[in-house]
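Here is a brief report for a reader new to this structure. Look over the sequence and the model first.

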Amino acid sequence: MTRFALVPRLLRSRPLTKGLRYLYRYTRPRAYRHNETLWPFVKVRRDAQGRLAGCDLSGVRGPATMALDQLPRAIGGDAHLILSGPSVAQIDYAQCRMRTVMGVNGSIALRARHPALRFDYYAMLDAGFVKKRRDLVAEVLAQDLVLFATPEVYRWICLLFDRRTVRCRIALFEEVHQRAQRPRARPEELEAELAADPELVLFDARHPIHAHGFSLNAARGLFGGGTVAYTSLQLLAWLGAESVYLHGLDLTATAGPRFYESADAQLPTALDRQFAGHIQPAFRQAGKLLGARGIKVYNLSLLSRLGDEVFEKRHWSCLLDPSAQAQTSATR
């Protein structure tokens with residue numbers, strides 16, 4: 001085994017990584033706890049304004065990354081966010097008209113049924129998904145798209161995939177209240193820092209799980225809302241979408257496994273546990289903010305746990321040509 005092959009194998013060794021996490025956890029202040037999966041192998045780079053500019057992984061040369069402010073932000077029309085709720089399986093994508101499409105995690109599995117479906121953007125913030133669904137991640141990496149990823153997700157992409165097979169462009173992002181290799185911001189610090197900030201709108205700095213807010217400038221960081229859907233909504237608004245259609249925003253684990261999973265091979269989820277206290281309040285505030293800014297958001301999951309007062313619900317047939325819409329309405 002070559003030295004190049006040995007290093008990644010050591011870095012993804014479960015006993016080693018688990019041991020290092022415990023060592024970091026008990027030798028650092030609690031405010032640095034969110035960095036335990038990065039230490040000691042990942043080093044982040046920042047620009048003159050302190051914004052995340054890139055990552056370097058010890059012993060491994062990963063695929064190139066790009067700064068968020070290098071991306072064109074001119075969607076200027078409709079954008080579609082395809083999520084993983086089971087209701088996605090009801091949509092006939094062969095008939096839908098969609099110009100700009102963003103996927104998350106396992107959304108790429110739709111291409112098995114709809115080969116013509118193309119993604120322009122993708123978002124991943126769950127390193128567990130990268131490790132457990134390498135088949136789907138490999139397909140995402142092979143696409144001509146922009147992948148938004150956290151430093152931890154980037155770390156596992158570097159360890160598990162040959163950079164020569166990566167076709168997508170990777171842009172790194174981080175969360176406002178817990179920046180990579182910096183201490184977690186205290187509520188009073190966030191309130192002082194973001195007071196009257198037009199780009200990082202703070203809703204609730206003292207929420208017990210994560211600070212609630214909405215970022216209008218992804219290069220400065222994003223707010224977590226308990227689900228990758230919330231992260232992606234911020235990205236699409238920042239990229240210039242004037243209206244966003246949310247596909248599969250069911251937000252309930254009891255409705256069944258994700259559309260690409262079977263019941264006996266379902267990855268765990270915290271949706272039911274976090275919905276009422278974390279996810280719903282974040283989306284509710286975001287809906288008001290986006291509405292005030294003239295950005296329309298439509299929820300195509302009629303059974304979504306988010307009510308119409310958050311985002312207007314529409315049947316997916318609204319994406320069809322007018323003649324096809326009439327035919328679909330007649331058969332409903």
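How many nonpolar, polar and charged residues does the lining of the second largest pocket have? The model behind the answer is a predicted one.

## The second largest pocket

By class, six of the lining residues are nonpolar, four are polar and five are charged. The volume of this second largest pocket is about 280 Å³. Its lining has 15 residues, and the closest to the pocket centre are Gly50, Arg179, Arg182, Glu193 and Arg220.

## His80 in strand β4

His80 sits in strand β4, which spans residues 78-82. Is His80 buried or exposed? His80 has a relative accessible area of 2%. Buried means under 20%, so His80 counts as buried.

Which residues does His80 touch, beyond its neighbours within four places in sequence? The contacts are Arg97, Met98, Arg99, Thr100, Val101, Met102, Tyr245, His247 and Leu319. With His247 there is also a polar contact, side chain to side chain, at 3.1 Å. Ala241 lies 161 residues from His80 along the chain, yet their C-alpha atoms are separated by 9.3 Å.

## Strands β9 and β10

Strand β9 covers residues 200-204. Four bridges join β9 to β10, and the two strands run antiparallel. Across this pairing, Val201 stands opposite Phe214 of β10.

Strand β10 covers residues 212-215. Which way do its residues point? His212 and Phe214 point one way, while Gly213 and Ser215 point the other way. All four of these residues, on both sides of β10, are buried.

Definitions and conventions:
Residues numbered from 1 in each chain as written. Predicted model: local features only at pLDDT ≥ 70, side-chain atom pairs only at ≥ 80, totals over all residues. Heavy atoms only, no water. Buried < 20%, exposed > 50% of the residue type's maximum accessible area, 1.4 Å probe, protein only. Pairing = 2+ DSSP bridges. Contact = heavy atoms within 4.5 Å. Polar contact = N/O pair within 3.5 Å; in protein donor to acceptor, adjacent residues only side chain to side chain. 1 Å grid on protein atoms, 1.4 Å probe; cavity = no way out; pocket = protein on both sides within 12 Å on 5 of 7 lines; lining within 4 Å. Points joined across faces, edges and corners; volume = space filled by probe spheres on them. Nonpolar A, V, L, I, M, F, W, Y, C, P; charged D, E, K, R; others polar.
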